Amino acid sequence: MAKNLVIVESPAKASTIEGYLGKDFIVKSSFGHVRDLAKKEAIDVENNFKPKYEVSPDKKQIVAELKRLAKAAEVVWLATDEDREGEAISWHLYETLGLDKKETRRITFNEITKGAILKAIESPREINKELVDAQQARRILDRLVGFELSPVLWRKVRPSLSAGRVQSVAVRLIVEKEKEINNFDSETFYKITAIFQTEKGRINATVAKQLKSEDDVVRFLDSCKNASFTITDVLKKPATKKPVAPFTTSTLQQQASIKLGFSVSRTMSVAQRLYESGRITYMRTDSVNLSKTALDAAKAEITRAYGEEFSNTQTYVNKNSGAQEAHEAIRPTDFSTHSINAESDQEKLYDLIWKRAISSQMSDAKLERTTIKINGNGVEENFSAKGEVIKFEGFLKVYLETSVEDSENEFASGLLPAVSNGDSVDVDNISVTQRFSRPPARYVEASLVKKLEELGIGRPSTYAPTISTIQKRGYVEKPEKDGTKRNYIQFVLTNGDYVRNELSEITGKERNKLCPTDIGIVVTDFLVEHFGQIMEYNFTAKVEQEFDEIAKGLVDWTKMIESFYTPFHERVEDTLENSERASGEREIGTDPESGRRMIARIGRFGPMIQIGNEEADGEKPKFASLRKGQSINSITLEEALELFKFPKTLGEFEGKEVVVAQGRFGPYVKHNDVFVSIPKDEDMGGVDLDRAIELIKEKQEADAPVAEYEGLPVQKGSGRFGPFIKWNDMFINVNRKYDFDNLSKEDIVELIEAKKQKEIDKMIHNWEEEGISVQKARWGRFNIVKGKLKIELPKTFKVEKLTLEEVQKMIEAKKPKKKKKATKKKITKKKVTKAKK
């Protein structure tokens with residue numbers, strides 16, 4: 001048995017580290033946290049907010065294994081990540097495994113390289129309880145907020161809703177942006193551009209002033225008709241462009257979004273794999289520092305690869321006052337490795353990290369900026385053209401940052417011809433184009449991260465889970481908007497005369513923009529009204545600062561929680577007792593058939609239209625759910641009335657009824673218990689019987705068997721994971737080895753038999769009568785499966801020894817409990833005097 005047990009939080013990290021240490025070391029993974037706050041009575045509010053932790057059922061076998069190994073080892077090394085979360089994992093391991101202080105060492109490292117690991121072994125320390133307390137305070141505060149606010153939302157808005165301290169504030173940012181957009185009144189103006197010809201080449205020029213009306217445009221073009229244009233000024237200025245700091249977590253997320261199209265969660269997942277494989281330093285950081293070793297390595301590589309004149313060692317200052325400067329920025333562990341051979345996402349992200357880090361230590365770029373001014377006799381406005389020439393590339397040889405607001409290359413203006421004052425120029429054309437002022441841009445994930453960081457809301461480790469959570473909860477979505485047609489006017493002057501053209505364009509086309517849902521808006525408005533303090537940006541940032549102070553040992557975490565909880569709990573009690581229900585109700589008109597009032601509101605199952613009110617007119621109201629893309633805040637009376645026409649029977653086809661209806665995933669046609677989706681760009685109101693039959697036939701043709709095997713049909717299809725065949729309710733992926741369009745009988749048999757064998761091989765236990773099985777899963781892990789319930793087990797779990805009784809207990813523990821009445825969810829609360837009205 002090895003004398004030293006090293007515990008890390010991820011199996012990939014364990015595998016990398018084990019290769020660096022000798023035979024006296026064994027490295028094991030805890031697979032993240034081994035315990036968390038209990039599901040019931042987790043926080044004893046009356047006893048100084050004492051938390052109650054419990055080991056989750058799927059971690060019990062891991063804990064037992066680690067206990068056994070720890071008991072046999074002479075020294076236990078806790079080598080989890082260096083941030084607060086990592087420190088807390090180490091502390092929970094220390095407590096859960098019952099480790100002896102004398103035999104326990106805490107080590108941290110910023111990169112997973114042999115040198116860094118051996119250096120960490122040489123300089124161990126104790127667990128930093130202040131960092132643990134900061135993480136514990138965040139976890140407890142967030143549990144208190146969630147457990148007390150959620151029942152309020154269940155009673156006052158809709159069942160099954162939830163709230164969170166940081167997530168709800170992030171949703172508020174998106175809701176307020178949407179309101180700004182809705183309240184924006186677009187104004188029209190006319191933009192002037194021109195192309196002038198000289199003996200030395202062409203000049204693209206613009207006029208800074210915008211014209212307000214067509215009359216202004218006509219007056220301006222009339223003045224240009226017979227004007228002679230000359231160069232009145234040529235101004236050349238040297239300029240310098242400086243490199244930017246190496247990546248922090250937020251700037252990495254922003255640039256990966258803009259340059260690579262990665263979501264925030266995708267960026268962090270790829271960065272985690274790069275870190276665990278020893279390619280980059282730790283990826284959750286808000287520091288822009290580089291270590292002395294890294295600075296020296298960067299200088300050596302720049303000098304070797306580009307020349308000494310490209311090297312300029314420098315340090316950066318973080319604008320974020322809460323940054324933890326003891327950490328290091330994200331950088332490659334080896335600057336001489338310009339690129340790596342790995343999966344595509346890792347290659348792309350590594351390339352971005354390497355370029356940003358190496359360029360931060362390179363020389364400034366030297367530029368020459370040229371401005372040319374052009375005037376016409378009798379023309380009131382001046383034309384100007386701007387160009388830029390790079391005299392010395394400096395860091396631009398490697399990297400150019402793209403801003404969140406504007407991803408256009410600022411050097412696109414390029415070269416201008418060599419001209420002098422007094423030179424005459426000829427008009428190729430002058431265009432005056434109608435433009436429209438734009439509303440504020442909706443957030444994308446990258447710009448939301450930037451805003452959260454600016455406001456001091458959250459920390460590097462919280463950005464990705466926050467953005468993921470608000471989408472999972474249905475408060476925010478990323479709808480695809482195809483845009484609408486808009487007409488505009490353009491005047492073009494050529495050869496001394498101009499024409500007026502009426503043109504059109506598509507405007508409002510959007511992808512990956514964060515939009516609030518109806519329920520997101522209603523919940524946000526309710527929380528702002530009744531819990532204004534928690535929803536304040538400054539308050540949320542202040543809480544983050546208090547966590548930082550706890551981490552530095554300046555504030556006692558229990559006192560910080562108490563100062564927050566007492567007034568918050570009073571507000572919860574008062575809101576439960578005295579506030580009205582919130583539904584976002586909006587009157588949209590009167591039903592022409594019944595004369596009853598029509599409203600749009602949030603109902604038990606989501607956004608809906610209601611006709612009438614039983615109390616007001618004695619008849620039961622009628623309801624209809626909104627379609628995808630519709631909102632209670634913008635739906636018109638005509639659109640609402642259309643919803644009550646469905647489901648609609650169109651007629652019969654092949655002796656069966658044909659119905660068009662609206663479903664969860666959009667409009668569809670139903671025939672003979674088969675559902676056929678109506679294309680998303682097609683209005684369901686325009687689908688008649690002929691069109692429905694056309695869609696049904698297309699579906700029948702697509703679903704027609706292409707073969708038969710063992711008496712069962714084989715069908716072909718294409719899904720989100722590519723082409724497949726379906727046989728006996730099994731979906732079988734067809735890889736590139738096969739010609740999908742021309743599958744032979746032998747191909748089909750081979751694919752089915754391989755899938756059948758795979759299903760047999762992955763089964764470890766199968767209790768058919770109980771409908772329970774234990775199966776192999778991806779990445780060497782295991783799944784307990786019962787119906788739709790799936791419990792994931794780590795690859796270290798000894799599944800072969802599992803009994804039916806043990807599995808049934810694990811399933812029972814995972815089953816959702818029956819919800820009680822949405823009143824006050826208990827967390828062993830204090831008795832608090834009610835706030836006076």
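Planes under 30 degrees apart make a pair stacked, over 60 edge-to-face, and the rest tilted. Please keep in mind that this is a predicted model, where local features need pLDDT of at least 70, side-chain atom pairs count only at pLDDT 80 or more, and totals for chains, interfaces and linings use all residues. Residues are numbered from 1 along each chain as its sequence is written, and side-chain values use heavy atoms, with hydrogens and water left out.

Two of the pairs are set out here.

| Pair | Centre distance | Plane angle | Type |
|---|---|---|---|
| Phe196 and Phe383 | 5.2 Å | 85° | edge-to-face |
| Phe539 and Phe564 | 6.0 Å | 25° | stacked |

What does the pair of Phe196 and Phe383 tie together? Phe196 lies in strand E9 (residues 188–198) and Phe383 in strand E13 (residues 383–392), so parts 187 residues apart in sequence are tied together. Helices and strands here are DSSP runs (H or I, at least four residues, for helices; E, at least two, for strands), numbered from the N terminus. Phe196 is buried at a relative accessible area of 0%, and Phe383 is buried at 0% as well; buried means under 20% relative accessible area, exposed over 50%, and partly exposed in between, using a 1.4 Å probe and protein chains only. Ring pairs also link Phe196 and Phe383 with Phe220 and Phe229 into a cluster.

A charge sits over a ring if NZ of Lys or CZ of Arg is within 6 Å of the ring centre and within 35 degrees of the ring normal. The charged end of Arg172 sits over the ring of Tyr537, 5.1 Å from its centre, while Arg435 lies over the face of Tyr488 at 5.0 Å from the ring centre.

Turning to helices, H5 (residues 129–156) packs against H14 (residues 518–530) at an angle of about 115°, with the axes 12 Å apart. Axes are lines fitted to C-alpha atoms, for helices over the stretch in contact, and angles run from 0 to 180 degrees between N-to-C directions. On the H5 side, Leu149, Val152, Leu153 and Lys156 make the contact, and on the H14 side Val523, Phe526 and Leu527 do; contact means heavy atoms within 4.5 Å.

Helix H12 (residues 445–455) has as its buried residues Glu445, Ala446, Ser447, Leu448, Val449 and Leu452. Their cover includes helices H6 (165–182), H8 (249–260), H9 (264–276) and H13 (463–472). Just after H12, Gly456 takes a positive phi of about 75°.

Which other backbone spots deserve a look? Asn512, in the loop between strands E17 (497–510) and E18 (515–516), has a positive phi near 60°. Asn728, in the loop between strands E29 (722–727) and E30 (730–733), has a positive phi near 50° and is partly exposed at 46% relative accessibility. Finally, a cis peptide bond with omega of about 0° joins Phe646 and Pro647, and Pro647 is in the loop between helix H19 (637–643) and strand E23 (648–653).

Note on methods
Phe/Tyr/Trp six-rings, centres within 6.5 Å; stacked < 30°, edge-to-face > 60°.
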